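Subject: Handing over a predicted model

Dear colleague,

I am passing the structure below on to you, and after it I set out what was found in it. Please read the notes with the structure open beside them.

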Amino acid sequence: MIGVVDQPVLPGFRVEEAIEIAQSNKKVVLGPGLQQDSNDLVVVCKSGVLRKKAPNTFWVDCYQKRYVPSRGEIVIGIVSQKAGDIFRVDIGASEPASLSYMAFEGATKKNRPDVNVGDAICARLLIANRDLEPELICVDSHGKKGKLGVLNEGFVFSCSINLVRKILNPICPFLDLLAKEMAFEMAAGMNGRIWIKGKTVKETIAVGNAILAVEYKSNEELKELCDDIANYVAGFS
């Protein structure tokens, strides 16, 4: 069977469009749900909807809760163990990821980062291979932390990976609409975890409930949802 962009696909479907582009010596980027077999064919390995982003990036948009690490993705993990110079971080995958104390901005042997067991970490996957332990870093290619690092205070909750993709999609107006109603901080990990921090505990809880309600709402219903959340919070002030 042949997979068509924006149509449902099943494992074993061939993505002829990606194969033709690769055969013309152009670069093709394969995202989650796709793999290249020994015959240089691009095949689907997960059920879902085949997607394409210009110029030549393909992936399968699927609903899943178990996270499979992918290199370069931003994840939110919980420090579960400290072993020498390495932190073990639970990212919701089949095994914990490792995070070196040197993977922080300005870290040296004398200036170690203040990281403790139980802390929430926003990090990027440096290594994600089925044969190797996942490895995290908290700096970008220029050695700057940016928005990565320890997430102080706030609240971390789990959701479906599909929900994370939805709220981070540029065409989804939810975050812009909610930001007009109240101030909050948020970090979303592609492993199905979201960290939020509002001005008060009630606002933090309200933002979390609003995010969880987005999954089955259309873009037209999001404005009403944000208004309801704002009215709910105002009722406690």
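The accessible surface of the chain comes to about 13600 Å², and 51% of it belongs to carbon and sulfur atoms; such areas come from the Shrake-Rupley method with a 1.4 Å probe, and for residues only the protein chains shown count as cover. Please keep in mind that this is a predicted model, in which local features need pLDDT of at least 70 and side-chain atom pairs count only at pLDDT 80 or more, while totals for chains, interfaces and linings use all residues. Residues are numbered from 1 along each chain as its sequence is written, and side-chain values use heavy atoms, with hydrogens and water left out.

The chain as a whole

The C-alpha trace spans about 60 × 50 × 30 Å along its principal axes. Of the 237 residues in the chain, 38% count as buried, where buried means under 20% relative accessible area, exposed means over 50%, and partly exposed lies in between (1.4 Å probe, protein chains only). The secondary structure comes to five helices and 15 strands; helices (H or I, at least four residues) and strands (E, at least two) are DSSP runs, numbered from the N terminus. With contact taken as heavy atoms within 4.5 Å, 63% of the contacts between residues at least 6 apart in sequence join residues at least 24 apart.

As for charge, the chain has 29 positive and 29 negative side chains, and the centres of the two sets lie 4 Å apart. Here Lys and Arg count as positive and Asp and Glu as negative, with His and the chain ends not counted, and the place of a charge is taken as NZ of Lys, CZ of Arg, CG of Asp or CD of Glu.

Strands of a sheet pair through backbone hydrogen bonds, either parallel or antiparallel.

Strand S5 (residues 48-53) pairs with S6 in the antiparallel sense over five bridges, and a hairpin of three residues joins S5 to S6. Lys53 has Thr57 as its bridge partner in S6. Strand S2 (residues 29-30), by contrast, runs parallel to S6 and is joined to S6 by two bridges, with Phe58 in S6 as the bridge partner of Leu30.

Salt bridges

A salt bridge is counted when a side-chain nitrogen of Lys or Arg lies within 4 Å of a carboxyl oxygen of Asp or Glu, and by this rule the count comes to eleven. Asp6 forms one with Arg51, the closest N and O atoms being 3.0 Å apart. This pair links distant parts of the chain, since Asp6 lies in the segment before S1 and Arg51 in strand S5, 45 residues apart. Asp6 is partly exposed, with a relative accessible area of 47%, and Arg51 is also partly exposed, at 28%.

Arg51 forms a salt bridge with Asp61 as well, the closest N and O atoms being 3.8 Å apart; the two residues lie in strands S5 and S6, ten residues apart. Asp61 is partly exposed, with a relative accessible area of 21%. Asp6, Arg51, Asp61 and Arg165 are linked in a network of salt bridges.

Helix H5

In helix H5 (residues 219-234), Asp227 and Lys223 are four residues apart, which means that about one helical turn separates them. They form a salt bridge, with the closest N and O atoms 3.0 Å apart. Asp227 is partly exposed at 25% relative accessibility, and Lys223 is partly exposed at 40%.

Leaving aside neighbours within four places in sequence, Lys223 is in contact with Leu177 and Glu181. The C-alpha atoms of Lys223 and Lys180 are separated by 11 Å, the two residues being 43 apart along the chain.

How values were computed:
Pairing = 2+ DSSP bridges.
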